[in-house]
Amino acid sequence: MPFERAERLKKLPPYLFLETDRKKRELLRQGKDVINLGVGDPDLPTPAFIADALKAALSESNVNRYPLDNGSEEFRSAIARWYARRGAPGLDPSSEIYPLVGSKEGIAHLPLAMVNPGEVVLIPDPGYPPMRSGTLFAGAIPYLLPLRRERGFLPDLEAIDPQVLKLARVLWLNYPNNPTGAVATREFYEQAVAFARRHGLLVCHDAAYSEMYYDQRPASFFSVEGAKEVGVEFHSLSKTYSMCGWRVGWVAGHADVVAALGALKSNLDSGVFMAIQRAGAIALDRGDAEIDALRAIYRRRRDVFCGGLARAGLDVQPPPATFYVWTPVPAGMTSLAFCTLLLEKAHVVVTPGHGFGAPGEGFFRVSLTTSEDRLAQAVERIRGVL
Ligand SMILES: Cc1ncc(COP(=O)(O)O)c(C=O)c1O
């Protein structure tokens with residue numbers, strides 16, 4: 001007997017890459033050497049001191065029990081200290097910080113906690129898909145803010161339709177940005193905070209890549225005056241410490257929002273495994289030097305890859321942050337045509353920009369989550385088919 005999916009699931013944008021996935025699987029089945037630059041899942045291992053902290057925590061008593069919904073005091077305090085070292089002191093670990101089972105779940109659940117059906121959520125486009133799907137699941141309306149290269153991939157807040165603003169509850173931001181690699185300036189955050197105050201908006205800042213920068217530390221949302229009064233920040237240990245599979249992150253900021261998301265979550269999950277929270281606290285307290293080393297590895301990868309693409313004649317701009325390279329496809333081609341060419345003729349997997357939203361058409365995204373040698377090999381193969 002066939003079963004229909006619920007209407008809310010049918011509202012999701014269609015998955016665009018079925019055919020590309022099939023081709024990739026076929027090449028792998030034929031034993032071809034496929035270089036996968038498609039997914040943003042760090043290849044580097046979790047630093048040993050964090051894995052050791054987890055192993056040690058496993059033998060402690062009571063870690064097998066249900067975690068407290070709002071997480072361990074130890075983890076929340078380590079998060080507050082981590083922010084204080086980054087120019088945002090004074091977050092209260094008991095009311096302004098809440099652990100998440102990876103930041104994705106918090107991002108997707110936020111609208112269920114804060115937005116009513118029929119209200120509007122302002123979402124960057126191209127952008128991280130759960131911002132949009134979470135909005136649709138809550139019966140709310142996504143209003144997409146195009147991110148364009150000529151504006152440094154920052155949304156034009158003043159261009160938002162005033163009628164839409166009347167219904168808008170949430171403004172999503174994500175810097176350093178996936179997929180464009182762009183960073184926001186301090187002035188932009190100041191403008192966003194003032195705009196949110198003027199229009200009664202909650203700013204939700206996704207800062208999953210805040211530590212993945214190359215030369216200069218990007219401006220931080222919470223270091224801007226008044227940010228915590230209008231916003232929350234979503235954070236993750238996934239990218240910074242190569243811990244994607246551990247599923248641990250947090251939300252921090254406005255106490256009302258933290259409490260609302262916590263109340264929702266206490267009906268959905270039962271928190272993050274206590275041993276992971278313990279290791280997470282140690283990662284945050286002792287990991288700053290280790291992240292410097294990871295950054296140096298990604299910087300070399302970026303330079304090898306972007307240097308090679310530039311020599312091949314592509315209009316590549318090395319990203320200031322994130323491990324993504326967002327580049328226009330050669331003139332006269334669509335994103336899909338170019339990415340299909342790379343897959344079929346060079347056996348290199350990259351992601352077509354329109355998969356992240358319509359303004360991403362004309363771009364492709366590469367993830368630097370593979371070794372320098374493999375990236376150099378990928379560049380050679382790409383040059384060979386241009
Ligand atoms: C922009 C952005 N935010 C959040 C996440 C979620 O990371 P996690 O759920 O592993 O914390 C990702 C993961 O790819 C991302 O790209």
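Biologist: How many residues of domain 1 are in contact with domain 2?

Modeller: The model is predicted, so local features need pLDDT of at least 70 and side-chain atom pairs pLDDT 80 or more, while totals for chains, interfaces and linings use all residues. Residues are numbered from 1 along each chain as its sequence is written, and side-chain values use heavy atoms, leaving out hydrogens and water. With contact meaning heavy atoms within 4.5 Å, domain 2 contributes 34 residues, and the number from domain 1 is 35.

Biologist: What area do domain 1 and domain 2 bury between them?

Modeller: An automatic or database domain assignment gives domain 1 as 7-45 + 289-385 and domain 2 as 48-286. Buried area is the accessible area (1.4 Å probe) that two parts lose on being put together, summed over both. Carbon and sulfur atoms hold 61% of the area here, and the total is about 3,100 Å².

Biologist: How far from an oxygen atom of the ligand does a polar side-chain atom of S236 lie?

Modeller: A polar contact is a pair of N or O atoms within 3.5 Å. A polar backbone atom of S103 lies 2.7 Å from a ligand oxygen atom, and a polar side-chain atom of Y209 lies 2.8 Å from one. For the polar side-chain atom of S236, the distance to a ligand oxygen is 2.6 Å.

Key. Polar contact = N/O pair within 3.5 Å; in protein donor to acceptor, adjacent residues only side chain to side chain.
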